[in-house]
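Biologist: I would like to learn how to read a model like this one. Where do we begin?

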Amino acid sequence: MSKSSRRLLGLLIFGALAAVWFYIAYRLWQTSVPDDLKQPSVDMSTLVSSSELNRAKHFSLVLDLFGLAGIFLPLLVLGLYAKWGHRFMRESAAGPIGTGMLLAMLGIAILWIAMLPSGLGALWWLRRYGIEKTGYADLVIGTWSVLGFEFLGICLTILIVMGFARLLGNNWWLAGAPVFVGIAILVTFVQPYGFGHPLVGHATLVQAEKRLAQKEGVKAVPLREIDVSATTTAPNAVAMGLGPSRRIGLFDTILDGRFSEPELESVVAHELAHHKHNDLWKGIGWYALFAFPIAFVIAQLTKRRGGMMVPLAVPLFLFAYVAIPTVLLPIDNAFSRRLEAEADWTALQATNDPQAAKALFVNFVQTTNQDPNPPFWDPILFGTHPTDQQRIAMVEAWQARNGG
Amino acid sequence: MDDLRRSRLTVFFRFLLCFPHLIWIYLWGALVGIVFILNWLVALVIGRPAKPFQRFNAAFLRYTTTVIAYLFLIANPFPGFAGEPGSYPIELEVPTTPEKQNRLKTFFRLLLIYPALLVAGALLYVTYFVTFLAWWAAMITGRMPRGFRDLGANAIRYIQQCYAYFLLVTGSYPCASPYVGMELGTLVVEAPTAAAEAPAVAEAPVEPEAPEAPSET
């Protein structure tokens with residue numbers, strides 16, 4: 001086969017793969033929220049007092065600054081580590097993979113040190129507004145302990161990547177990406193078993209969940225209570241698990257009496273909707289969609305350091321491993337917001353109670369201090385959910401359609 | 001060679017950096033447990049351990065020696081995962097070929113090891129305390145005090161002798177004295193400048209007239 005024919009064949013294969021990629025992305029992007037839904041503008045001052053709104057704005061703005069540090073500081077630190085980190089190779093008597101693990105762990109350790117001041121600053125701010133109860137020493141010790149598990153995670157990553165690289169050279173990404181997707185599936189599956197305990201003392205809510213599940217056309221899943229009130233006051237709920245491990249986790253901070261029964265039913269309907277629409281599988285699909293190109297790009301980038309066969313490339317790998325997902329953060333957040341908006345919509349269909357939904361989102365503003373209408377860049381960088389104002393607007397749009 | 005220099009960064013995170021090794025020790029150790037039972041039965045029948053089991057256990061002992069040395073700041077470089085000989089400043093010399101062992105002693109090995117384990121336990125607590133002090137010293141000066149290093153190396157030597165005896169790698173009972181073992185190459189106390197080059201040995205000096213030569217590491 002001539003060189004030009006090979007190039008043509010390569011282009012055709014690349015084109016076909018790109019077409020498949022875009023088709024899957026398009027399918028995952030679609031939701032059941034009507035495309036022609038017109039969301040009215042909402043005047044939050046009619047729902048929340050101006051002092052609460054000002055407080056939320058002030059709180060969110062400063063918290064966002066710490067959030068920005070959390071995004072850009074790792075890029076700076078790991079960027080420097082990518083340049084200088086190879087010097088730590090002299091601290092190792094291990095083979096290439098062991099040395100790679102050491103370099104990766106040290107990169108994460110340096111990042112932990114660099115992030116500690118902004119972490120403490122964010123904690124100070126959250127404590128000031130009564131959102132967090134964790135002590136400063138607890139934060140340091142807690143994150144230090146978590147660091148051990150992060151070390152294990154990054155070592156496993158390096159073992160997979162360098163192991164395949166030593167077998168397949170720079171084509172390691174072809175085998176590595178499916179393994180990472182497999183790990184994501186496994187983690188999502190087992191996660192519910194490590195969180196919470198059966199929900200007791202909320203018989204009405206359990207009954208309501210069965211009724212809502214029937215309405216949504218999904219099998220009822222066990223409700224679990226997750227104890228976080230010792231460290232935070234922020235209310236939350238999560239849909240967890242896959243297949244038989246599916247659960248709905250309700251933080252004890254949402255069950256502490258600040259939210260009415262109809263509001264809690266809206267929450268449960270929202271989490272059930274995530275299970276109905278297989279959102280956890282969609283999340284894994286989205287991750288898989290990006291895992292291959294990201295791994296490919298990292299393989300190409302690390303070639304200049306000899307490829308992932310040698311530990312010299314690990315600091316650069318670490319930088320790319322953090323930097324590329326950071327660049328993709330706006331797309332990931334947009335995808336997440338679409339799934340959340342769909343869950344809100346499905347929950348409204350199931351509960352048929354827009355007043356409860358609206359009261360819930362107003363209550364969120366009051367209990368979390370989150371700005372209901374933040375600056376445009378905030379949702380791009382941090383918004384995994386629609387803003388509370390957008391969520392209320394959707395409720396009103398639903399009311400307009402359904403005459404609620 | 002250990003020049004007593006210690007990287008403050010790796011000293012600060014030393015315990016966490018050992019996490020992957022501790023997981024590996026746990027997994028490998030589970031297999032060693034199974035191998036021990038099989039090896040014990042083999043040793044009772046044929047009067048010596050099986051060769052593959054001997055090599056397997058010897059590699060495990062060499063490996064754990066490097067990890068303990070790293071964890072307790074006795075050595076500076078991050079150890080490898082294979083327990084290969086000649087790969088680390090603090091090294092354990094263990095016989096890779098099985099030697100004849102008394103069947104009666106083999107049968108009662110689990111009981112015989114108890115007194116030595118008591119001494120090993122006491123040494124371990126001493127090592128914890130010394131490591132705590134050494135951690136601060138290394139963080140402040142960037143160096144490991146020689147006395148602490150040598151004390152730790154001798155403690156490891158004895159602890160690993162216990163495990164070697166327990167796992168039937170050797171038939172010689174552990175010996176706690178750092179001086180008696182000198183002929184076998186344990187020079188960490190007597191010759192501190194060459195300490196790093198002189199490996200700690202697992203073999204107890206029960207028969208000093210027939211010592212093993214110290215290996216150059």
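Modeller: With strands and their pairing. Helices (H or I, at least four residues) and strands (E, at least two) are DSSP runs, numbered from the N terminus. Two strands pair if DSSP finds at least two bridges between them. Now the provenance. This is a predicted model: local features need pLDDT of at least 70, side-chain atom pairs count only at pLDDT 80 or more, and totals for chains, interfaces and linings use all residues. Residues are numbered from 1 along each chain as its sequence is written, while chains are lettered from A and ligands numbered from 1 in the order in which they are written.

Biologist: In which sense do β3 and β4 of chain A pair?

Modeller: Antiparallel. Strand β3 (residues 237-240) and strand β4 (residues 247-251) of chain A share 4 bridges. A237(A) faces L250(A) of β4(A). The hairpin has 6 residues between the strands, and G241(A) takes a positive phi near 85°.

Biologist: How do I read domains?

Modeller: Domain bounds come from an automatic or database domain assignment. In chain A, domain 1 is 48-191 + 282-328 and domain 2 is 193-278 + 333-402. Their C-alpha centres are 28 Å apart.

Biologist: How many residues of domain 1 of chain A are in contact with domain 2 of chain A?

Modeller: Contact means that C-beta atoms, placed from the backbone, lie within 7 Å. By that test, 22 residues of domain 1 of chain A meet 27 residues of domain 2 of chain A. On the domain 1 side, α2 (50-84), α5 (172-190) and α8 (279-302) of chain A each supply at least two residues. The largest share, 9 residues, is from α2(A).

Biologist: And nonpolar cores?

Modeller: In soluble globular proteins, nonpolar side chains tend to be buried together. A nonpolar core is a set of buried Ala, Val, Leu, Ile, Met, Phe, Trp, Tyr and Cys residues joined through C-beta atoms within 7 Å. Buried means 20 or more other C-beta atoms within 10 Å of the residue's own, with C-beta atoms placed from the backbone. The largest core here has 88 residues; A104(A), M105(A), I158(A), M308(A) and F317(A) touch the most other members. Helix α7 (residues 146-166) of chain B gives the most to this core, 11 residues. Another core, of 40 residues, lies apart from it and includes I226(A) and W398(A).

Biologist: What does I158(A) touch, beyond four places in sequence?

Modeller: I97(A), G100(A), M101(A), A104(A) and V314(A).

Biologist: How many residues does each chain bring to the contact?

Modeller: Chain B brings 17 and chain A brings 16. On the chain B side, α3(B) gives the most, 3 residues.

Notes
Two residues are in contact if their C-beta atoms, placed from the backbone, lie within 7 Å. A residue is buried if 20 or more other C-beta atoms lie within 10 Å of its own, exposed if 12 or fewer, and partly exposed in between; C-beta atoms are placed from the backbone.
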